[in-house]
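Here is a short note to read alongside the model. Please keep the structure open as you go through the points.

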Amino acid sequence: MLTIPAVIGVADYFLSLYSEKTSIDVKTIRINNMFSFVILIGIPSMYILFLKGDLIVSILFERGNFTSNSTKMVNLALVPLSFMIIPLLVQKAIDQIFQVENKISIILIRTLLGLFLNIILNY
């Protein structure tokens with residue numbers, strides 16, 4: 001799940017474009033372009049992971065102790081996680097935009113809220 005956002009590198013590309021402009025209109029256009037790009041990449045990626053995740057997992061990992069039953073178990077986890085591809089693509093970019101705008105407290109609150117929700121939901 002984390003491979004696609006790491007390879008695409010949305011945050012790295014759009015942060016430099018965002019931080020060098022001072023006009024609100026230009027920054028808004030940059031953010032809209034980022035979201036358009038994320039949707040363009042995210043929806044097909046989500047579709048592929050949702051429908052063909054078992055095939056991808058079997059091709060990449062099904063050898064040795066990793067059997068077809070292991071592939072099915074990984075696919076059961078991959079299907080609901082496929083819906084997270086768009087938020088994963090956007091998360092780092094939004095965090096960096098808040099850093100450029102000196103709104104670190106928003107990042108801190110979001111991170112702590114996510115941590116506590118993760119602890120509660122995993123329990």
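1. Helices here are DSSP runs (H or I, at least four residues), numbered from the N terminus. This is a predicted model, in which local features need pLDDT of at least 70 and side-chain atom pairs count only at pLDDT 80 or more, while totals for chains, interfaces and linings use all residues. Residues are numbered from 1 along each chain, and side-chain values use heavy atoms, without hydrogens and water.

2. Helix α5 (residues 85–100) gives the most to its lining, with three residues. The lining is made up of Met 84, Pro 87, Leu 88, Gln 91 and Arg 110. The pocket's volume is about 160 Å³, counted as the space filled by probe spheres set on the points, which are joined across faces, edges and corners.

3. Next, two aromatic pairs turn up in a search of the whole structure; ring centres must lie within 6.5 Å, and planes under 30 degrees apart count as stacked, over 60 as edge-to-face and the rest as tilted. Phe 50 and Phe 83 form a tilted pair, 5.5 Å centre to centre with 55° between the planes. This pair links distant parts of the chain, with Phe 50 in helix α3 (residues 24–61) and Phe 83 in the loop between α4 (68–81) and α5, 33 residues apart. The rings of Phe 61 and Phe 66 have centres 6.0 Å apart and planes at 50°, so that pair is tilted.

Terms used
On a 1 Å grid over the protein atoms alone, a cavity is a set of points where a 1.4 Å probe fits but cannot get out, and a pocket is an open set with protein on both sides within 12 Å along at least five of seven lines; lining residues have an atom within 4 Å of a point. Helices (H or I, at least four residues) and strands (E, at least two) are DSSP runs, numbered from the N terminus.
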